[in-house]
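Subject: Structure handover

Hello,

Here is the structure we talked about. Please open it, then read my notes below.

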Amino acid sequence: MKARITITLKPGVLDPQGKAIEGALHALGFGAVDGVRQGKYIEVEVTESDPDKARAEIERMCEQLLANTIIENYAYELEAA
Amino acid sequence: MKASIIVFPGSNCDRDAAVALEAAMGKAPTMVWHGDSELPKSDLILLPGGFSYGDYLRSGAMAAHSPVMREVVRRAKAGTPVLGICNGFQVLTEAGLLPGVLMRNATLRFICKDVLLKVERNDTRFTRAYELGEVVRFPVAHKDGSYFADEDTLDRLEGENRVAFRYCEASGAVSEAANPNGSRRNIAGIYNETGTVLGMMPHPERLVDPALSGTDGTKMFASLVETLH
């Protein structure tokens, strides 16, 4: 199975990269842009075929390494290989 | 006194730290490769600066889970003093030995310059040789040095007197202007609950010889040698 994991900064955590991207979008004339937050996207293939077990594994991976839960939230979708 | 320096792939201040420790201790520390699961008996464990694992994922995140770190965490919890400098500080937060996280500098720039620091405590084995409130000049060299923790954690750190150093002006005033990287409350270094683990972004090991244009770092290594036998 494949997990598509999205890691985002928690609300309120300063994101200077997002701010810089927002500034660049404004400079390109995208006046409607009203906030940019940058995150990470990670794909993980797992050999586990039981979705519940795969979910439990992915969550442990996120908690232990992939996300720093002091500053980041994570979400994921599982898809069959 | 026996000291160990943990070397990760991408560490680049390990030898500077070894020179500083040898000058203070009179003998060389042991260099321990991150892949080792054995760590010699040590009175001090030093996690050096650098860019372990190329800063992949998050600075310090991969190194925090190196085989040797399990033993470092165990020893730290048992009371062995641990000093994490720059990337070493990032590793300590990722390993859960210190609260908070080091985020991208507010300026988005890599900062490589000398900064002034206020010594907030001189009752620990790391800072005994400094005066309380002394202003010292240490170099910083980092892109991810903006200390972040939530307000409750920051209040707790201050309430428990766990801030080690703050970025300050020459007068000792802790101001926004003196904050190079956007760190919350100008925090440059913090202790764990017992004052035996210190993480700091500035580099004391780079100022231990007059030829390096200053010796403000010498007192930290002298403090350690004086209190650890």
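Leaving aside neighbours within four places in sequence, which residues is H203(B) in contact with? This is a predicted model, and in it the contacts are C13(B), G49(B), I85(B), C86(B), F138(B), P139(B), V140(B) and A141(B).

Active site, chain B

C86(B), H203(B) and E205(B) are listed by UniProt as "active site", in an unreviewed entry. They are spread over 120 residues of sequence, yet they cluster in space. The largest C-alpha distance is 10.9 Å.

H203(B) sits in the loop between β11 (197–200) and α5 (218–227) of chain B. E205(B) also has its place in the loop between β11 and α5 of chain B.

Buried or exposed? H203(B) has 23 C-beta neighbours inside 10 Å, so it counts as buried. E205(B) has 29 such neighbours, so E205(B) counts as buried too. Not counting residues up to four places away in sequence, E205(B) touches C13(B), D16(B), A17(B), A20(B), I85(B) and G217(B).

Sheet, chain A

Chain A has an open sheet of three strands. The order is β2-β1-β3, and the pairing is antiparallel. β2 (40–45) and β3 (72–79) of chain A stand at the edges. Each has a single partner strand, so one side of each lacks a neighbour in the sheet. From one strand to the next, the twist averages 20°.

Strand β1 (residues 2–9) of chain A is joined to β2(A) by six bridges. For T6(A), the bridge partner in β2(A) is Y41(A). Helix α2 (residues 51–66) of chain A packs on the sheet and touches β1, β2 and β3 of chain A. The helix direction makes about 155° with that of β3(A).

Best wishes

Methods
Residues numbered from 1 in each chain as written. Chains lettered and ligands numbered in written order. Predicted model: local features only at pLDDT ≥ 70, side-chain atom pairs only at ≥ 80, totals over all residues. UniProt positions renumbered as here; feature names shortened; annotations may be inferred. Helix = DSSP H or I, 4+ residues; strand = E, 2+ residues; numbered from the N terminus. Buried ≥ 20, exposed ≤ 12 C-beta atoms within 10 Å, placed from the backbone. Contact = placed C-beta atoms within 7 Å. Pairing = 2+ DSSP bridges. Axes fitted to C-alpha atoms, helices over the stretch in contact; angles between N-to-C directions.
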